[in-house]
Every structure is written in C-alpha cells, then in structure tokens.
Amino acid sequence: MQFAELTERELDVIILLSRGYTNKEIADKLFLSKYTIETHRKNIMKKFKFKTVGQLIYFATQEGLV
C-alpha cells in the first residue's frame with residue numbers, strides 16, 4: 001500500500017495527526033465532526049494494517065509527509 005492510494009482527506013488526517021493534533025482539533029480545522037475524523041483514522045489504520053497511531057506517524061515521517 002502506498003500513500004498515493006489514500007484519499008486526499010485521509011492524507012490531510014495523517015499529516016495533522018503526525019503534527020500532534022487531536023481528532024477534535026483536526027475536525028475543527030477541516031470543518032468535520034470528530035467522529036468523521038475517527039472513521040478516517042480507523043480506515044487508514046485498516047488499509048495499512050497498523051495497530052497503533054504511533055506506527056502510522058512513524059510511517060508518515062519515513063515517507064516524508066511530515
């Protein structure tokens with residue numbers, strides 16, 4: 001799986017998560033509900049088979065998204 005296979009919104013969520021924003025803060029920035037952000041995060045985690053957000057952030061850093 002490559003980051004190119006993610007939606008633009010999922011990439012936005014990954015970048016903001018990697019910068020330390022909470023789900024609520026991301027929701028406010030993107031004018032979405034925190035539940036929508038949680039769903040995006042869960043979908044990303046499932047696509048990459050990550051078990052923790054730490055794994056996601058590490059991968060995003062390695063791929064140069066942050």
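**Helix α1 and its partners**

In this predicted model, Arg9, Asp12, Val13, Leu16 and Leu17 of α1 meet Asn23, Ile26, Lys29 and Leu30 of α2, where contact means heavy atoms within 4.5 Å. By class, the contact of α1 with α2 has five nonpolar, one polar and three charged residues; Ala, Val, Leu, Ile, Met, Phe, Trp, Tyr, Cys and Pro count as nonpolar, Asp, Glu, Lys and Arg as charged, and the others, Gly among them, as polar. The two helices, α1 and α2, pack at an angle of about 130°, with their axes 10 Å apart, which makes α1 oblique to α2.

Helix α1 (residues 8-18) also packs with helix α4 (residues 53-62), at an angle of about 100° and with axes 9 Å apart. That angle makes α1 roughly perpendicular to α4, since angles of 65 to 115 degrees count as roughly perpendicular, under 35 as roughly parallel, over 145 as roughly antiparallel and the rest as oblique. Ile14, Leu17 and Ser18 of α1 make this contact with Leu56, Ile57 and Ala60 of α4, a set of five nonpolar, one polar and no charged residues.

Within α1, Glu10, Val13, Ile14, Leu16, Leu17 and Ser18 are buried, that is, under 20% relative accessible area with a 1.4 Å probe and protein chains only. The buried residues of α1 pack against α2 (23-30), α3 (34-48) and α4. Just after α1, Gly20 takes a positive phi of about 95°.

Residues are numbered from 1 along each chain as its sequence is written, and side-chain values use heavy atoms, with hydrogens and water left out. Because the model is predicted, local features need pLDDT of at least 70 and side-chain atom pairs count only at pLDDT 80 or more, while totals for chains, interfaces and linings use all residues.

Notes
Axes are lines fitted to C-alpha atoms, for helices over the stretch in contact, and angles run from 0 to 180 degrees between N-to-C directions. Helices (H or I, at least four residues) and strands (E, at least two) are DSSP runs, numbered from the N terminus. Buried means under 20% relative accessible area, exposed over 50%, partly exposed in between (1.4 Å probe, protein chains only).
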